[in-house]
Amino acid sequence: MTVKVFLELVEIRTKLASLFPFVIGWLFSLYYFEQVNIENMILFFAAMLSFDMATTAINNLMDYKKAHDNEYQKTMNIVGVASLDVKHVSWLIYGMIAFSSVIGLILTYRTSLLLLMMGGLCFLIGIFYTFGPVPLSRMPLGEMFSGVTMGFGIFFITIYLNIAHLDIITFVWQGNLIGLYGNVSQLVAIVWASLPLIFTIANIMLANNLCDLDQDVKNHRYTLPFYLGRENGIRLFNVLMYGCYATIIIGIIFGVYHWVMFVVLLTLPKIKANTQLFTQKQIKSETFSVSIKNLVLFNGAQIIGLLLSIVLR
């Protein structure tokens, strides 16, 4: 397997969806909590990237094996196009999962069992997102699980790895009693700050499913747009995108963000134009990239806003 084929198998171009929650979580930790742990960040980045690549490879492998359309297998799926050996792909996936698991255990040792539970849940969702008799991605749950697992899960774990010693959230196990304790106001701030990430990441999956709706039905893959209908799916795409701006504005009002985060509003004209283009037509080769462009524009502006917030604070 060449490097080019490997990068296509893991769809390296899509890793922005996990990179932004990581970077924004890191910056939010520095701005809101004034805490950063460089060693934990380096370890987590390696584990996160490896596992993200593994889940994408699982997705492509499962799509190849479960496809009912021979043309799709031979001309569209990378496993068929590159004539990859299914067993070799499987062992590659096992290796990436094992690598990220080992790092996860190291990070658990450096922090607490709470990380093991959070990371384990994300692992299960990531694997069963595309694996098993009825993968989550083939159900009307893909947008929710991808958005929450990556937009909130990666963001929250990144922050936790920087602030674990502050006991903002703590898991306690004493005898027959277990408990989870936390600072409600600070946890609410973290959840609120994750919403734009959840929305923009969910929109990538939603845009993909809207563009592939007809092809998915042929392959017995019934995603959210199949149940909502194309028009309602497009409306949801718009609501999620513009909801990002509402989240930032409300967050500024209630002190989650510095006022300089209004900088994200500068992206509104371009994102509005992009969103209108996707609303008009949902063609994979022409308009799917709109969802990625919107993610990059909005979350790129968030990064700039957070950097300015750290300086001005």
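At what angle do the axes of helix α6 and helix α7 cross? I shall begin with that pair, and I note at the outset that the model under discussion is predicted. Helix α6 covers residues 86-110 and helix α7 covers residues 113-128; their axes come within 9 Å and cross at roughly 160°. Angles over 145 degrees count as roughly antiparallel, and α6 and α7 are therefore roughly antiparallel to each other. The hand of this crossing is right-handed.

As to the residues involved, α6 contributes Ile97, Ser100, Ser101, Gly104, Leu105, Leu107 and Thr108, and these meet Leu113, Leu115, Leu116, Phe123 and Ile127 of α7. Sorted by class, the contact of α6 with α7 comprises 8 nonpolar and 4 polar residues, with no charged residue.

Helix α12 is formed by residues 230-253, and its axis comes within 10 Å of that of α13, with a crossing of roughly 170°. The two helices, α12 and α13, are therefore roughly antiparallel. On the α12 side the contact is made by Ile234, Phe237, Asn238, Met241, Tyr242 and Tyr245, and on the α13 side by Leu268, Ile271, Lys272, Thr275, Phe278 and Thr279. In terms of class, the contact of α12 with α13 has 8 nonpolar residues, 3 polar and 1 charged.

Helix α13, residues 268-280, also packs against helix α15, residues 289-312: their axes come within 10 Å and cross at roughly 165°. Here too the arrangement is roughly antiparallel, α13 against α15, and α13 passes α15 in a left-handed crossing. From α13, the contact draws on Lys270, Ile271, Asn274, Thr275, Leu277 and Phe278; from α15, it draws on Val290, Lys293, Asn294, Leu297 and Phe298. This contact of α13 with α15 divides into 6 nonpolar, 3 polar and 2 charged residues. Ile271, Thr275 and Phe278 of α13 take part in the contact with α12 and also in the contact with α15.

Let me now consider the strands. Strand β1, residues 169-174, and strand β2, residues 177-182, run antiparallel and are joined by 6 bridges. Within this pairing, Ile169 stands opposite Gly182, and Val172 stands opposite Gly179. Together β1 and β2 form a hairpin with 2 residues between the strands, and Gly175 in the turn has a positive phi of about 60°.

My final topic is charge pairing. Side chains of opposite charge can pair when their charged atoms come close. The structure holds 4 salt bridges, one of which links Lys15 with Asp52, the closest N and O atoms being 3.3 Å apart. Which parts of the chain does this pair tie together? Lys15 lies in the loop between α1 (3-9) and α2 (16-33), whereas Asp52 belongs to helix α3 (residues 38-66), so the pair ties together parts that are 37 residues apart in sequence.

Key: Residues are numbered from 1 along each chain as its sequence is written. This is a predicted model: local features need pLDDT of at least 70, side-chain atom pairs count only at pLDDT 80 or more; totals for chains, interfaces and linings use all residues. Side-chain values use heavy atoms; hydrogens and water are left out. Axes are lines fitted to C-alpha atoms, for helices over the stretch in contact, and angles run from 0 to 180 degrees between N-to-C directions. Helices (H or I, at least four residues) and strands (E, at least two) are DSSP runs, numbered from the N terminus. Angles under 35 degrees count as roughly parallel, over 145 as roughly antiparallel, 65 to 115 as roughly perpendicular and the rest as oblique. A crossing is left-handed if the near helix is turned anticlockwise from the far one by less than a right angle, and right-handed if clockwise. Contact means heavy atoms within 4.5 Å. Ala, Val, Leu, Ile, Met, Phe, Trp, Tyr, Cys and Pro count as nonpolar, Asp, Glu, Lys and Arg as charged, and the others, Gly among them, as polar. Two strands pair if DSSP finds at least two bridges between them. A salt bridge is a side-chain nitrogen of Lys or Arg within 4 Å of a carboxyl oxygen of Asp or Glu.
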